[in-house]
Amino acid sequence: MSALLWALVALPPASGVLLCLAGRRADRVAPAAAVAVAAAAVVLAVAAAFAQPRAGAPLLRGAAFGLAVDGLSGLMVVTVTAVAALVVLFGAADIGPEQARARFFGLMLLFVGAMLVTVTATTLPALLMGWEVMGATSWALIGYWWRDPVRGEAAGVAFLTTRTADLGLYLAAGAALAGGGSLALADLDQVARPWLHLVAAGVIAAALGKSAQLPFSFWLSRAMQGPSPVSALLHSAAMVVAGAYLLIRTGPLLAASGWGSDATSWIGAATAFALGLVAVAQRDLKQLLAASSCAQIGFMVLAAGAGSAVGGTLQLVAHAAAKSLAFLVAGFWLTRLGTRELPRLRGAARAAPVAGVAFSVAALSLAGVPPLSLWAAKDVLLAGALAQSPALYAAGLAAAVVSAVYSTRALWYVWRPAAPPGPAPGTPAPKRVSAAEGVPFAVLSVAAVALTALALPPVRAAVARTLGAIGEPQPLPWEFAVSGLLALSVAAVVWARGERPGPVPRPVARWAAGWLGLEAASRAVLVRPVQRLAEALAGFDDRGLDRGVDGLARGTLRLAELAGRRAEPAVDGPARGTAAAGRALGRLARRPQTGQLHQYLAQAVAAFTVLAVVLVLVR
């Protein structure tokens with residue numbers, strides 16, 4: 001059965017690479033090819049969810065590449081491929097023929113393949129590979145219109161922010177090896193202390209960064225510069241939910257650390273509440289939906305910390321349907337009306353009732369209005385929070401109230417009886433919904449309602465058995481009733497107030513509208529100090545090290561010149577004198593060598609005479 005798993009994780013990225021390599025020559029066939037590949041991936045994912053295959057390959061000693069489909073990853077692969085197929089189908093209508101379609105759909109398939117590797121990974125090396133490719137393709141997709149410098153900068157901010165948090169996974173892998181444990185995700189809770197704390201800290205940091213939780217949330221605001229289908233997939237079933245999925249997967253590690261569960265659950269609750277307020281303060285529909293993604297994923301993170309794997313998974317699946325639907329409708333309005341400003345979108349839902357009804361289903365689901373899926377899923381995870389701490393439950397319930405505020409606010413604008421702006425130049429009438437747009441709207445709307453069944457007791461018990469999460473706290477009927485009544489009451493009040501501002505001081509509202517100033521804070525606390533340190537080091541390199549090397553070279557040259565002028569003659573003089581004396585002696589020695597015998601005889605007589613005189617005198 002491993003062939004099934006290999007086919008599932010290889011088909012989308014291989015097709016995506018081929019489309020990217022083909023370039024503009026494949027623009028014409030790229031949408032159809034991408035839809036066909038995405039549909040085939042759905043079939044493979046459903047088959048894998050039932051067969052639950054495993055696959056692996058040796059990579060490094062003690063660090064194998066492992067993939068598997070179990071209960072949790074089985075739900076994930078079906079969710080990822082189903083949402084991706086609908087988003088790609090919508091993209092066929094949204095990305096016009098004048099654009100680089102092959103590159104767009106190729107990157108989308110590569111993105112989906114990376115997410116499939118991430119959710120089926122059983123070891124850290126496999127997880128890191130999917131994690132890294134997903135980050136790189138998200139950068140390319142957010143900056144799809146790369147000639148626009150604003151979009152290019154947005155892609156860079158999103159990529160660098162998530163990459164900073166991703167370092168946590170490398171820290172976790174190193175600590176796991178140092179702690180004597182294996183790199184299997186299921187064994188991370190067995191790592192020896194104190195390395196276990198580093199593993200938990202690294203996994204939590206990486207997950208918070210990928211899922212745009214506090215304090216990393218601001219990168220998701222920048223990611224809104226990408227095309228609408230990218231936003232729909234990135235926010236619902238890929239990348240942004242990858243961090244929440246990782247925390248649910250590594251729940252035993254969080255519990256074993258002794259502090260990871262509490263920290264995770266409170267960060268999730270704080271994100272759900274604070275980013276919900278950010279969503280309330282937005283006047284841009286895509287920014288509102290982006291902030292709501294952080295807030296809704298905050299509930300999943302809360303569930304992971306509270307030990308509610310069933311609640312977190314139900315929230316993830318239900319949110320994928322509702323959020324992808326909301327982004328697709330927002331993209332439809334953006335393309336047809338040329339605006340995403342809420343005041344200018346008045347009457348948009350009335351002008352295109354199909355899109356309006358679909359957006360209403362998505363918004364009411366995000367608001368937690370019964371009987372839609374997120375209402376029930378949220379109560380399942382809040383039951384886990386209540387078992388952990390009443391204060392945590394109260395914080396989660398407050399965040400749920402805020403979600404009703406921002407969702408109803410968006411609905412109020414699009415349903416107001418005012419004339420929407422005219423269609424953008426070169427687009428069909430706003431009310432005309434093509435088949436490629438209508439099918440995703442219809443399927444996702446039905447899913448947002450039908451997924452409520454997953455939270456009903458018999459089905460919920462089956463989901464718990466599938467996930468292997470037996471014995472988790474379950475909500476009582478009064479909890480469903482309280483949250484449902486709260487959502488309906490708050491929605492009614494917000495609708496009645498209309499666009500009147502809430503009782504919040506303007507500075508606080510501006511602070512919330514600017515995403516809590518997190519990007520400015522990160523630039524002040526991290527980016528600028530690092531830049532200044534880099535500039536100081538560069539200055540030291542230029543003015544210290546570089547000048548020192550140059551000065552040393554100049555000094556050496558001058559010393560050599562001085563030695564050539566002064567020291568060398570002093571050394572050369574004796575050597576030359578010795579040589580001259582040797583030559584002089586040689587010349588003297590050659591003089592007696594005349595080659596005439598009579599002269600040699602005379603020399604011998606003279607020499608013997610002298611010798612005889614010496615002997616006489618000595619004796």
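1. The note opens with the lining of the largest pocket, which by class holds 18 nonpolar, two polar and seven charged residues. The structure is a predicted model, and the points below should be read with that in mind.

2. The largest pocket itself has a volume of about 910 Å³. Its lining counts 27 residues, and the closest to the centre of the pocket are Val280, Ala281, Pro501, Gly502 and Val504.

3. At least two residues each are supplied by helix H12 (260-280), helix H18 (390-415), helix H21 and helix H22 (506-513). Which element provides the largest share of the lining of the largest pocket? That share, seven residues, comes from H22.

4. Helix H22 also contains Ala512. Is Ala512 buried or exposed? Ala512 counts as buried because its relative accessibility is 9%, and the limit for a buried residue is under 20%. Between the C-alpha atoms of Ala512 and Leu316 the distance in space is 25 Å, while the two residues stand 196 residues apart in sequence.

5. Attention now turns to the second largest pocket, whose volume is about 570 Å³. A total of 36 residues line the second largest pocket, and those nearest its centre are Ile248, Arg249, Thr250, Gly251 and Pro252. The elements giving two or more residues to this lining are helix H3 (71-94), helix H4 (101-120), helix H10 (242-249), helix H11 (251-257), helix H13 (285-306), helix H14 (309-337) and helix H20 (457-467).

6. Which helix gives the most to the lining of the second largest pocket? Helix H11 does, with five residues. By class, the lining of the second largest pocket divides into 18 nonpolar, 13 polar and five charged residues.

7. The last point concerns the surface. Leu476, Trp478, Val482 and Leu486 together make a nonpolar surface patch of about 330 Å². Of these residues, Val482 has its place in helix H21, which covers residues 477-497. Helix H21 is also one of the helices that supply at least two residues to the lining of the largest pocket.

8. Why does Val482 count as partly exposed? The reason is that its relative accessibility is 31%, and partly exposed residues fall between the buried limit of 20% and the exposed limit of 50%.

Methods: Residues are numbered from 1 along each chain as its sequence is written. This is a predicted model: local features need pLDDT of at least 70, side-chain atom pairs count only at pLDDT 80 or more; totals for chains, interfaces and linings use all residues. Side-chain values use heavy atoms; hydrogens and water are left out. Patches are made of residues with over 30% relative accessible area and no salt bridge: like charges are joined within 9 Å, nonpolar side chains (Val, Leu, Ile, Met, Phe, Trp, Tyr) within 5 Å. Accessible areas come from the Shrake-Rupley method with a 1.4 Å probe; for residues, only the protein chains shown count as cover. A salt bridge is a side-chain nitrogen of Lys or Arg within 4 Å of a carboxyl oxygen of Asp or Glu. Helices (H or I, at least four residues) and strands (E, at least two) are DSSP runs, numbered from the N terminus. Buried means under 20% relative accessible area, exposed over 50%, partly exposed in between (1.4 Å probe, protein chains only). On a 1 Å grid over the protein atoms alone, a cavity is a set of points where a 1.4 Å probe fits but cannot get out, and a pocket is an open set with protein on both sides within 12 Å along at least five of seven lines; lining residues have an atom within 4 Å of a point. Grid points are joined across faces, edges and corners, and a volume is the space filled by probe spheres set on the points. Ala, Val, Leu, Ile, Met, Phe, Trp, Tyr, Cys and Pro count as nonpolar, Asp, Glu, Lys and Arg as charged, and the others, Gly among them, as polar.
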